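Dear colleague,

I am handing over the structure below, together with a short account of what was found in it. Please read the notes alongside the coordinates.

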Amino acid sequence: MICGQPLRLTIDAGAVGQGNANPAQKVLDVHTTMGHKLPRNLRIYAFGAALGGARVPAAAKQLARQSHIPLRNLTLINRQSTYAHNDPAGASPKKNLFLKKLVPFLRQL
């Protein structure tokens, strides 16, 4: 494990490569699409809990930059110090920041 993250997940995430083809994808049987071709009006929601932390919103921001998606289309939240990796799915709905931010995000779509 690296930083509490399973090694295979780390390897696969690296192979995704912001959705751009690279040699690791064939070896690991990881398939990503679109890369630089994402629609510029795409809205992205990224919530970093303990497992991914700040890397989750940072990766979303990097993906948006490469695809020329305006930063105003991103909802980026980092709660690595207060949310375990499974808390967004299991926290009480009344106290769940993941849901409190997700619901307005989805309403904008």
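In this predicted model, Asn73 counts as buried at 9% relative accessibility, where buried means under 20% relative accessible area, exposed over 50% and partly exposed in between, with a 1.4 Å probe and protein chains only. Asn73 is found in the loop between helix H3 (55–66) and strand S2, helices (H or I, at least four residues) and strands (E, at least two) being DSSP runs numbered from the N terminus. Leaving aside its neighbours within four places in sequence, Asn73 is in contact (heavy atoms within 4.5 Å) with Arg40, Asn41, Leu42, Arg43 and Ile44, and its side chain reaches the backbone oxygen of Leu42 at 3.2 Å.

Ala84, found in the loop between S2 (74–78) and helix H4 (87–90), is partly exposed, with a relative accessible area of 30%. Apart from neighbours within four places in sequence, Ala84 is in contact with Ala49 and Ala50, while Gly53, 31 residues apart from Ala84 in sequence, lies 9.6 Å from it, C-alpha to C-alpha.

As for confidence, the chain averages a pLDDT (the predictor's confidence in each residue, from 0 to 100) of 83, and 83% of the residues score at least 70. Among the elements of the chain, S2 has the highest mean pLDDT (96) and helix H1 (residues 7–16) the lowest (66).

Residues are numbered from 1 along each chain as its sequence is written, and side-chain values use heavy atoms, with hydrogens and water left out. Local features need pLDDT of at least 70 and side-chain atom pairs count only at pLDDT 80 or more, whereas totals for chains, interfaces and linings use all residues.

With best wishes

Conventions
Polar contact = N/O pair within 3.5 Å; in protein donor to acceptor, adjacent residues only side chain to side chain.
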